[in-house]
Amino acid sequence: MNKKLIYKMCMAAMLIVLVIIFTAIPRYFEVGPIFNFNRITFGPAIVIFASIYLGPFYGGIVGGVSDALSWVIFPNS
């Protein structure tokens, strides 16, 4: 394995963690029924950044894996 591939895999793993933090965690801090509006998250922006910075393949991996992991970790949100 060359250094560039290892670098891209490590960056993708870090970006997956950031997407989970910035999308799944704020679901537990939603404001009550008084302010009933959609929440604003930065997860899709991180996936777009991964697609631009690492390429479309890794962007798709970051988006898919982060979505699957957030569904496994937080199933009811």
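The following is a conversation about a predicted model of a protein chain.

Colleague: What is the secondary structure of the protein chain?

Modeller: The protein chain has three helices and zero strands. Read from the N terminus, the order of its elements is α-α-α.

Colleague: How do you know that the length of helix H1 agrees with what a helix should span?

Modeller: Helix H1 covers residues 3-23, which is 21 residues. At 1.5 Å a residue, H1 should span 30 Å. The C-alpha atoms at its ends are 30 Å apart, so the two values agree.

Colleague: Which residues of H1 are buried, and what covers them?

Modeller: Met11, Ala12, Leu15, Ile16, Val19, Ile20 and Thr23 of H1 are buried. Their cover includes helix H2 (43-54) and helix H3 (56-73).

Colleague: Why are H1 and H2 called roughly antiparallel?

Modeller: The angle between H1 and H2 is about 165 degrees. Angles over 145 degrees count as roughly antiparallel, and H1 and H2 are therefore given that name. Their axes are 8 Å apart, and H1 passes H2 in a right-handed crossing.

Colleague: Which residues make the contact between H1 and H2?

Modeller: On the H1 side they include Tyr7, Met11, Leu15 and Phe22. On the H2 side they include Gly43, Ile46, Phe49 and Tyr53.

Colleague: Why does Ser66 count as buried?

Modeller: Ser66, in helix H3, has a relative accessibility of 4%. Buried means under 20%, so Ser66 counts as buried. Apart from neighbours within four places in sequence, Ser66 is in contact with Ile16, Val19, Ile20 and Ile61. Ile16, Val19 and Ile20 are themselves among the buried residues of H1.

Colleague: Why is Tyr53 called partly exposed?

Modeller: Tyr53 belongs to helix H2, and its relative accessible area is 41%. Buried is under 20% and exposed is over 50%; 41% lies in between, so Tyr53 is partly exposed.

Colleague: What is Tyr53 in contact with, leaving aside its neighbours within four places in sequence?

Modeller: Tyr53 is in contact with Tyr7 and Met11. Met11 lies 42 residues from Tyr53 along the chain, while their C-alpha atoms are separated by 9.7 Å.

Colleague: What makes Pro26 partly exposed?

Modeller: The relative accessibility of Pro26 is 28%. That value is between the limits of 20% and 50%, so Pro26 counts as partly exposed. Pro26 is in the loop between H1 and H2. Its C-alpha atom is 7.7 Å from that of Thr41, which is 15 residues away along the chain.

Colleague: How much of the protein chain is buried?

Modeller: Of the 77 residues in the protein chain, 25% are buried. The accessible surface is about 5,800 Å², with 73% of it belonging to carbon and sulfur atoms.

Colleague: Among contacts with a separation of 6 or more, what share comes from residues 24 or more positions apart?

Modeller: Such residues account for 70% of those contacts in the protein chain.

How values were computed: Residues are numbered from 1 along each chain as its sequence is written. This is a predicted model: local features need pLDDT of at least 70, side-chain atom pairs count only at pLDDT 80 or more; totals for chains, interfaces and linings use all residues. Side-chain values use heavy atoms; hydrogens and water are left out. Helices (H or I, at least four residues) and strands (E, at least two) are DSSP runs, numbered from the N terminus. The expected span of a helix is 1.5 Å times one less than its number of residues. Buried means under 20% relative accessible area, exposed over 50%, partly exposed in between (1.4 Å probe, protein chains only). Contact means heavy atoms within 4.5 Å. Accessible areas come from the Shrake-Rupley method with a 1.4 Å probe; for residues, only the protein chains shown count as cover. Axes are lines fitted to C-alpha atoms, for helices over the stretch in contact, and angles run from 0 to 180 degrees between N-to-C directions. Angles under 35 degrees count as roughly parallel, over 145 as roughly antiparallel, 65 to 115 as roughly perpendicular and the rest as oblique. A crossing is left-handed if the near helix is turned anticlockwise from the far one by less than a right angle, and right-handed if clockwise.
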